[in-house]
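Some notes for your read-through follow. Please keep the model open alongside them.

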Amino acid sequence: MNMDIRSPGRSAFAPATAPHKPNDPVTETVKLNRVTISCLRSVAKSMAKKTQLHFLLGVQYLRFGFSRMAQEHLKTALDDYNPAESCDEKWRRLMEVKMKLAYAQSLYDFASTSRSVAPGTGRAKRAGKNESASSSSSAQPSIVESAKHSRTLQESVVNKAIEEAKQLLTKLIKDESTRVDCWNNMGRLIYDDCKPAVARMVYDQIVNSFPDNFDLMNNLGFLRILGNEPEKAGTNFKDIISKCPTHVEALSNYGVHLIINKEDFKSAQKVLSQGLAVNQSEPHMWNALAISYLMEGNHDYARECFGQARKNEKYHTGAAWSIRFTIANYLRRQAAMKTSLDEKIKFFQGVKNLLDSVMSYEETSDVHLAIAKLHLSRSAALRAATPAEAKKYANPEDEDSEAQRHMISAIKIDRTNTRAWNELGLSVMRTGNSKKAIDFFKMAVQTDPRRPALWINLGLAYQLHGSHNDARRVLIKALELDKDSIEAMNNLANLHKAKGELDEAKKIYVRCINTLNASAHKTSPRSRKLLAQAYNNLALVSIKEGNYQKAMDNLQFAQERYPGMACVRQNIQRLALRLENRMNIEHS
């Protein structure tokens, strides 16, 4: 398991540019694997019941990423596996475990790949000249319905594959509890089942049981990066590299860690070059090296590295360049934490260069959406800056317009891209156009009706438009999907407060507070901020009821939970002034 970004060069900091030669070992291996598949398939009909044949074919298909075909052959191999009585028991058991592990891998590889290319994921490419994608409103409902049906069908198949893999690996672990590969596969499966926190706990346990297994340590480091534990992750990777300097995945992940969390591009280039010296055909490492050069402003080296990444991708399953979305998002978020506008803009330019390089290879719906988010981030940074700082850069309004242009392009390419409809709705709602926002959010919930956040946004748009009954209806729908959604509860309570239904509003705000206090993440910054908002809103209800002392108590609770919230501080000042004036009137 790695972060899908690796890289190296001929010297410590310069990319190697020698193209693959005909006798390149990677090219030759790929050719040999293809010839192997061809030979195996040619004898498949006459050897239909041969377990070894199906096992070999399954493994070959796995190498090329054809998980569904691998699945079929490995399942046949397992079903037909019946070794001779003279077969050594230990050897028989070893072969059976290997087949089961390969089959489990084919199941969760299939599940992971199917999820990433499902309708509405933004992976659709711009249609070519001979495949014009209709954008007429008349074609819209059929496209949406088709996407929903396809997604539902696909999910049922994916969930079945995940469940079968779980059962298989659980039994394997029970029978073969001392085999590292069984535990490692179970951790990977849990991660692929979209449960990285649970996977991290599993790896924490098994690393203690198998302390010298570098693959387990590397996977734990990867999950620690996802779990916002960068220092622990860095320690994991450094420990592996100190004991095994040629561990390519650890070198790759450590290089990425240095880029994302440390902004130490020179050190990252050194580590990634060390990895590429071991294996020059790794597209992920070339990608990471290119990104480090981009962030330094060395565009020539970056361009060469991206070219090497692209050249090597055909020898690997999956598109390595797609990881640039992940890195772009990390860098965009990091830019928001920079103190000066110049630093923010520098980071934003690095993200823009990164996304432009992706666009030059494939223009997809998601690329346009990522660029749109970049422009929105630039707009927010410019609005927050002083006029003197912002005057040398583009106007925030121009950034907003560019963002909307890319969102529309994203939707033209893939009308089922839920996130694009949602972002477009949020964008026009910020400009005060709640009517258009309602239309866009409706399209978002049509393409993916299971996401509470989309219904919450639609409810907010209805509320801003003055359609309170519609707002109430969709917010209740959001709570049906997630009964503990704080945002849905808060917006519903705000709606009752606006209509003067103070008792109902108060009940829901108290429910918000109780839910947050019972949460396992109640001490996280986000939970503390939501708790402060709930107490602040409860205080506003008390003010409407004339209970000023209760309101002050709630505002002080809010300030304790999240001291930096400006509206709480302002409300405390206003209420203190009102209490002082009332006391003056009573004493006069």
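Which residues does N494 touch, not counting residues up to four places away in sequence?

1. N494 touches Q463, Y509 and N537, once residues up to four places away in sequence are set aside. Bear in mind that this is a predicted model.

2. The side chains of N494 and Y509 are joined by a polar contact of 2.3 Å. For placement, N494 sits in helix α23, which covers residues 486-498.

3. Now the overall fold. The chain has 27 helices and zero strands. Among its contacts between residues at least 6 apart in sequence, 61% join residues at least 24 apart.

4. Helix α16 (residues 365-384) packs with helix α18 (residues 396-413) at an angle of about 165 degrees. Their axes lie 8 Å apart. Because angles over 145 degrees count as roughly antiparallel, α16 is roughly antiparallel to α18. The crossing of α16 past α18 is left-handed.

5. Then the contacts between those two helices. From α16, the residues involved include S365, H368, L369, I371, A372 and H375. L376, R378, S379, L382 and R383 of α16 also take part. On the α18 side, they meet residues including P396, E397, E399, D400, E402 and A403. Further along α18, H406, M407, S409, A410, I411 and I413 belong to the contact as well.

Definitions and conventions:
Residues are numbered from 1 along each chain as its sequence is written. This is a predicted model: local features need pLDDT of at least 70, side-chain atom pairs count only at pLDDT 80 or more; totals for chains, interfaces and linings use all residues. Side-chain values use heavy atoms; hydrogens and water are left out. Helices (H or I, at least four residues) and strands (E, at least two) are DSSP runs, numbered from the N terminus. Contact means heavy atoms within 4.5 Å. A polar contact is a pair of N or O atoms within 3.5 Å; within protein, one must be able to donate a hydrogen and the other to accept it, and residues adjacent in sequence count only if both atoms are side-chain atoms. Axes are lines fitted to C-alpha atoms, for helices over the stretch in contact, and angles run from 0 to 180 degrees between N-to-C directions. Angles under 35 degrees count as roughly parallel, over 145 as roughly antiparallel, 65 to 115 as roughly perpendicular and the rest as oblique. A crossing is left-handed if the near helix is turned anticlockwise from the far one by less than a right angle, and right-handed if clockwise.
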